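Please keep the sequence and the model at hand while reading.

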Amino acid sequence: MKKISRIGVLTGGGDCPGLNGVIRAVTKSAISKYGMEVVGFLDGFKGLVENSYIHLDLKTISGIGYRGGTILGSSNRDNPFNFMAFKDGENTFSDQSDRAIFHLNELGLDGLIVIGGDGSLSIADQFYQKGVNVVGVPKTIDNDLSATDVTFGFNTAVETASDALDRLHTTAESHHRVMILEVMGRYAGWIALHAGISGGAHVILIPEIPYNIDNIIKHIRRRQWHDKKFSIIVVAEGAKQLGGEMVIQKLVPESHDPIRLGGIGNQLAQQIEDISSVETRVTVLGHLQRGGSPVPYDRILSVRYGVAAVEALVRGEFGTMVSLQGPSIVTVPIREAIKEQKMVDPQNDMVEAAKAIGISFGD
Ligand code: F6P
């Protein structure tokens with residue numbers, strides 16, 4: 001097996017806290033432990049297609065571990081296998097993967113670390129099928145990747161959402177209102193579930209458990225009878241009514257998943273006010289969940305993932321993703337991780353525990 005002496009790294013998909021931590025760990029361990037050279041492609045796979053990159057050395061990555069975002073830039077709409085270009089006044093799509101591979105070879109790279117969620121890792125797997133020595137690192141605030149216990153970025157998003165719920169409590173109580181917090185998560189309810197429990201929500205609505213509006217109203221009224229004149233609801237952007245559809249905010253056609261969710265919070269508020277006349281307000285937490293410094297858990301996980309990704313390249317475990325399983329970091333085929341999204345099991349013990357302490361899921 002050829003010695004790995006030059007590697008590339010890129011961050012793809014929506015950003016999240018901890019990306020810089022992985023870039024730092026990859027660069028530090030590759031240089032300090034193995035004497036490798038490291039190249040960082042800019043703006044995700046776009047940089048690979050357009051050959052735009054920077055050299056990463058110990059100076060470049062100094063002091064970035066605690067910073068949110070990614071020094072390399074990211075994109076959740078550039079897919080080399082269906083690459084968008086603006087030509088003759090319109091958007092055209094073409095397969096530019098060979099061009100990307102040409103650039104990898106021209107730079108003499110022996111391996112590529114792709115830090116991304118399911119979209120970026122699917123692309124990474126396609127490159128692996130074409131002979132590129134790829135290793136993936138699981139990233140997303142949504143925590144919806146299979147084959148790993150946790151993705152980095154998730155715990156920071158939960159912290160932000162939980163803090164927002166704490167703040168909503170005091171104002172809800174003052175005005176005897178229903179306060180709705182709409183959080184991200186795409187088709188999975190992990191952020192809503194974790195933040196809802198930690199932030200003391202009275203109702204948690206997630207995509208995996210379609211809700212009945214009458215049950216939510218009953219819950220709010222029951223609280224009022226017990227002299228609790230306010231209620232806090234956390235709703236995942238992908239939550240839907242029984243027999244209803246998810247609320248789509250916009251479509252981004254060139255994206256791996258063109259659907260952008262959003263708007264369920266306002267829809268729900270309208271329903272609650274119409275049926276119950278209880279004054280209701282909505283906060284859409286949005287991209288605040290993706291910004292800011294990673295919490296210690298994510299900083300540590302980023303270091304573990306970054307170091308493990310370099311080790312996986314050295315061992316020749318191409319086409320794999322580093323993954324947290326219990327106390328250990330292991331490698332799994334990228335295929336396993338992208339096969340299906342990891343959803344909340346409505347029977348899982350967290351849902352059961354939440355119900356046991358009186359939290360309603362509207363079911
Ligand atoms: O996958 C991460 C995520 O933040 C989702 O929770 C959200 O639905 C989506 O990305 C938002 O995407 P964009 O940054 O394109 O608005």
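Two residues are in contact here when heavy atoms of theirs lie within 4.5 Å. On that basis, and not counting residues up to four places away in sequence, V303 touches R24 and A25. This is a predicted model, in which local features need pLDDT of at least 70 and side-chain atom pairs count only at pLDDT 80 or more, while totals for chains, interfaces and linings use all residues. Residues are numbered from 1 along each chain as its sequence is written, and side-chain values use heavy atoms, with hydrogens and water left out.

**Two residues**

V303 lies in helix α9, residues 296-314; helices (DSSP runs of H or I, at least four residues) and strands (runs of E, at least two) are numbered from the N terminus. Although I275 is 28 residues from V303 along the chain, the C-alpha atoms of the two are separated by 50 Å. T70, by contrast, sits in the loop between β3 (53-56) and β4 (83-87). Leaving aside its neighbours within four places in sequence, T70 is in contact with T11, L19, N20 and I23, and its side chain reaches the backbone nitrogen of L72 at 3.0 Å.

The table gives the burial of both residues, where buried means under 20% relative accessible area, exposed over 50%, and partly exposed in between (1.4 Å probe, protein chains only).

| Residue | Relative accessible area | Class |
|---|---|---|
| T70 | 17% | buried |
| V303 | 34% | partly exposed |

**Helix α6**

Which residues of helix α6 (residues 190-198) are buried? They are W190, I191, A192, L193, A195 and G196. The cover over these buried residues includes the helices α5 (154-175) and α11 (349-356), together with the strands β8 (178-183), β9 (203-205) and β10 (231-236). After α6 comes G200, whose phi is positive, near 70°.

**The whole chain**

The protein chain contains 11 helices and 15 strands, and its C-alpha trace spans about 70 × 50 × 35 Å along the principal axes. A compact globule of 363 residues would have a radius of gyration near 21 Å, and the 22 Å of this chain agrees with that; the radius is taken over C-alpha atoms, and the globule rule is 2.2 Å times the number of residues to the power 0.38. Buried residues make up 55% of the 363 residues. Among contacts between residues at least 6 apart in sequence, 73% join residues at least 24 apart.

Methods:
Polar contact = N/O pair within 3.5 Å; in protein donor to acceptor, adjacent residues only side chain to side chain.
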